[in-house]
Amino acid sequence: MAMMTERAWSAPAAGGDVLTQWSGILTAVAPELAGHAQAVRFDAETGQLDVVPDAPAYGTKLRWTAPKLIARANQQVKDANVRTIHVLAPAARTTTDPTTAVLPAGPEPAAPPVPGPVRTRESASAGYHRALEAHRAVRAEPPVAPAVAAAIERQDHALRQQREAAVTDVGADLEELRERARQKASSVDVSHARALKRLADERAGRV
């Protein structure tokens, strides 16, 4: 290499081979793209290979198969050292020499969207967790303080005692009424018996 540099010789560039052998590289990896994607420029210093598809759909397919195309190019072309494939804006296929082709400027189509990670409750945002905690705080019943619970228990016990006392008093009143009724009935029976005896005595002339 030093001798070549001193004598102003240049090493054979692999870029031309990559461009001229592109059709075979493409056919070996993605036959459905054959004739629909043209390699137009190769930068040996950066290892970037520029490719122009016929249509956006072919450009998307090129991006998906780029790793395989790079591996095939480096395998098929010795010392190619292709590192990246840059898909340019779609253009109509031409017969221009790919080593000297000049492409019209144009925006590069956007790469296909990559699905993001699935959101779960654990990976949700901080705002979601704050809203969830607030919702739980509203729905949850506040705990009862021990002093309040004791006061409620004492009140319930007092009410039960009052009800029991009221029932006892009513029972006593009823028993008293029954006793009075029995006493009155006995008094009436005695008076009636005395009246009947007096009547019998009068009829017998004993009075």
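A crossing of two helices is left-handed if the near helix is turned anticlockwise from the far one by less than a right angle, and right-handed if it is turned clockwise. In this predicted model, local features need pLDDT of at least 70 and side-chain atom pairs count only at pLDDT 80 or more, whereas totals for chains, interfaces and linings use all residues. Residues are numbered from 1 along each chain as its sequence is written, and side-chain values use heavy atoms, with hydrogens and water left out.

The protein chain has 6 helices and 3 strands, taken as DSSP runs (H or I of at least four residues for helices, E of at least two for strands) numbered from the N terminus, and their pattern along the sequence is α-α-α-β-β-α-β-α-α. Of its 207 residues, 18% count as buried, that is, under 20% relative accessible area with a 1.4 Å probe.

Helix H3 (residues 22–29) passes helix H4 (residues 56–76) in a right-handed crossing, and their axes, which are lines fitted to C-alpha atoms over the stretch in contact, come within 9 Å and cross at roughly 120°. H3 and H4 are therefore oblique to each other, the term for angles that are not under 35 degrees (roughly parallel), over 145 (roughly antiparallel) or 65 to 115 (roughly perpendicular). The contact (heavy atoms within 4.5 Å) is made by Trp 22, Gly 24, Ile 25, Leu 26, Ala 28 and Val 29 of H3 together with Leu 62, Lys 68, Leu 69, Arg 72, Ala 73 and Gln 76 of H4. These residues divide into 8 nonpolar, 2 polar and 2 charged, with Gly counted as polar.

Key:
Axes fitted to C-alpha atoms, helices over the stretch in contact; angles between N-to-C directions. Buried < 20%, exposed > 50% of the residue type's maximum accessible area, 1.4 Å probe, protein only.
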